[in-house]
Amino acid sequence: MEYAELVGVYDRLADTDSNHEKRDILAETFAEAGELLPIVVKLVRGRLFAAHQREELGVSSSLTLEAISKSTGVAESDLRDQWRETGDLGDVAAWAVDNQTQQTLFSDSLTVERVHDVLREITTFEGDGSQQRRIGEIAGLLADADPNEARYIVRTALGHMRVGIGEGTIRDAIAVAFLDGSDEAIDAVERAYQVTNDYRVVARTARDEGRSGLADLDIELFRPVQVMLAEKGESLDGALADAVADGEAICEVKYDGARVQIHKDGEEIRLFTRRLEDITEQFPDVVAAVRAGVTAESAILDGELVGYTPETVESDARRPVPFQRFSQRIKREDGVEAMAREVPVVVHLFDCLYDGETLIETPFRTRMERLDGSFEDVSVAPDELRAGLEHSRTVQAAVEVGEEAETVEPPEAVTKLYQDALDAGHEGLMIKNPAATYQPGTRVGRMLKIKPTMEPLDLVVSRAIYSEGRRSDWLGRLYLACYDESADEFREVGRLSTGYTDEELDDLTDRLEELIVSQDGRAVELRPEVVLEVEYEEIQESEEYDSGYALRFPRFLRRRETLDPDDADTLDRVERLYDEQ
Ligand code: AMP
């Protein structure tokens, strides 16, 4: 397939605001893609890998500028001027190809396969000279590209297509292209995606095997499943009323660590985060605990990894370390073992998705029993590099919902669990519906979280400004945005400039500078990727920001590295909090 054809599709997608039209354009493209279907499904969103394949393209803005300059002969300073004006490196590439000073003598035509293969290949470059090789490969593609092709090659390399396609549109397009496009067909595609996490597999199966093929897709060991998410309960009694089934709700301690999905098959064990990153290498102590404690031959277990202070971890009064400290274990690549002794962890297991048989359609009550049947407790032993393994602290509460009000009096055992959880330094409670199935990737009333104070918000950094004076090298003034689900866009809700230490700000600046899309003086536009947790005094209505709201006195609490931008708090939630003040 000629790359120009795909570029034509991008243009048509960018030209319409209608989700319906976008869906139909995609459906037509998928239907005609033939054997290239898996590649096209990924490329329309500018993704080159499945969600759990976390290869990094390693392409930064400055590398892209060098590649454009190399292939077109246009000076980098001119490219930067252009970038400042347009704010998009794709447009800069198109402009540069149009105005190039060096003509290529003969050019090969660009195919979709070639663009895809080259961009995938550059992820494998390592070590000395890998940057130069990346630049060379991208420049090679640009040398054979017309302006419009250049635009999309660069956008794909940077992972930002600007054609307004969300996951929902891909899902609907698959249902229209290969099934009958009905609500049931969409549900079938959605479910298949939740268990496989890979639209390439879903699209191919829908086309070749229809709806029954999709229904046969199942979770597989070592292919991480999207985790089920929690909703915020507004109060303990309300959450109990929402989660009750047959007069019972299950209440658990909500720990503040990192979600871990454990896959085990015989001797092989792998650990994945909530974002489906593989963290097996960082946690040899957890692998040892799983080996010692998980008795099921094969299993997928869900739990929370929590770091405790080494002095207290072996006692009954363990104290969790601050999340910042624990998160160093996730990032650590060298000295993993020393770090494991400094921050010993316990895995608090709370769900079982597979124990030789898929359990995601099975009620939670049964899954809990299957969980208990698939492992034995392991006590933590930092000296032996072994983590702890235990069931999360749980109370099964009998709950009577009154005839009139949808609220209940929390049983004493529940209020005690809540108090104990807070006293022990944990976050609060999880209230779970015992009859609920495991719904990968969704946040529906099957588990509700309860925390004590007015909740901080998780917000995405959309723009930033360098500070003045002593901190002038740092991006100290950050615009924060919430996620508008209906438009699949981020809407700003305020500007943050306090609460961080110098060290935190330094780290944050390093990360944000990688995401700069354009710069105007001291102000930069950013790819919306970094999520921060912030507290604030109140929410006001405001015309200053496009959300219509502004946070009063926002303060930085921490970076939420385990969250994707679309896990950020939503505009709906900001509105609800505003109404409730
Ligand atoms: P939040 O990240 O605030 O949306 O809260 C949901 C997260 O709480 C889950 O993704 C888990 O990582 C974590 N968590 C801690 N304890 C539990 C528990 N007992 N059950 C389920 N999730 C828990």
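What distance separates the centres of domain 1 and domain 2, taken over C-alpha atoms? The two centres are 44 Å apart. This is a predicted model, in which local features need pLDDT of at least 70, side-chain atom pairs count only at pLDDT 80 or more, and totals for chains, interfaces and linings use all residues. Residues are numbered from 1 along each chain as its sequence is written, and side-chain values use heavy atoms, with hydrogens and water left out.

**Domains**

- The chain is divided into domain 1 (46-158), domain 2 (229-450) and domain 3 (457-580).
- These bounds come from an automatic or database domain assignment.

**Strand residues and spacing**

- Ile300 is placed in strand β5, residues 298-307; helices (H or I, at least four residues) and strands (E, at least two) are DSSP runs, numbered from the N terminus.
- Ile300 counts as buried at 1% relative accessibility; buried means under 20% relative accessible area, exposed over 50%, and partly exposed in between (1.4 Å probe, protein chains only).
- From Ile300 to Leu478 there are 178 residues in sequence and 39 Å in space, C-alpha to C-alpha.
- Cys352 belongs to strand β6, residues 345-354, and is buried at 0% relative accessibility.
- Cys352 and Gly373 lie 21 residues apart in sequence, with 9.8 Å between their C-alpha atoms.

**Salt bridges**

- The structure has 52 salt bridges, each defined as a side-chain nitrogen of Lys or Arg within 4 Å of a carboxyl oxygen of Asp or Glu.
- Side chains of opposite charge can pair when their charged atoms come close.
- Arg270 pairs with Asp278 in a salt bridge at 2.8 Å, N to O. Arg270 is partly exposed at 22% relative accessible area, and Asp278 is partly exposed at 36%.
- Arg558 and Glu533 form a salt bridge at 2.7 Å, N to O. Arg558 lies in strand β19 (residues 555-559) and Glu533 in strand β16 (residues 531-535), so this pair ties together parts that are 25 residues apart in sequence.
- Both partners are buried: Arg558 has a relative accessible area of 8%, and Glu533 has 10% relative accessibility.
- Arg559 forms a salt bridge with Glu561, and their closest N and O atoms are 3.6 Å apart. Glu561 is partly exposed, with a relative accessible area of 26%.
- One network, joined by salt bridges that share partners, contains Asp88, Asp91, Arg151, Arg155 and Arg162.

**Negative surface patch**

- Asp473, Glu503, Asp506, Asp507, Asp510 and Glu513 form a negative surface patch.
- Patches are made of residues with over 30% relative accessible area and no salt bridge, with like charges joined within 9 Å and nonpolar side chains (Val, Leu, Ile, Met, Phe, Trp, Tyr) within 5 Å.
- Asp510 sits in helix α19, residues 502-513, and is partly exposed with a relative accessible area of 45%.

**Positive phi angles**

- Most residues other than glycine have a negative phi.
- Asn197 is not a glycine, yet its phi is positive, near 65°. Asn197 is in the loop between α11 (183-196) and α12 (199-216) and counts as buried at 2% relative accessibility.
- Phe222, also not a glycine, has a positive phi of about 70°. Phe222 is in the loop between α12 and β1 (231-232) and is partly exposed, with a relative accessible area of 23%.

Terms used. Areas by Shrake-Rupley, 256 points an atom, 1.4 Å probe, with all protein chains shown as cover. Lys, Arg positive; Asp, Glu negative; His and termini not counted. Charge placed at Lys NZ, Arg CZ, Asp CG, Glu CD.
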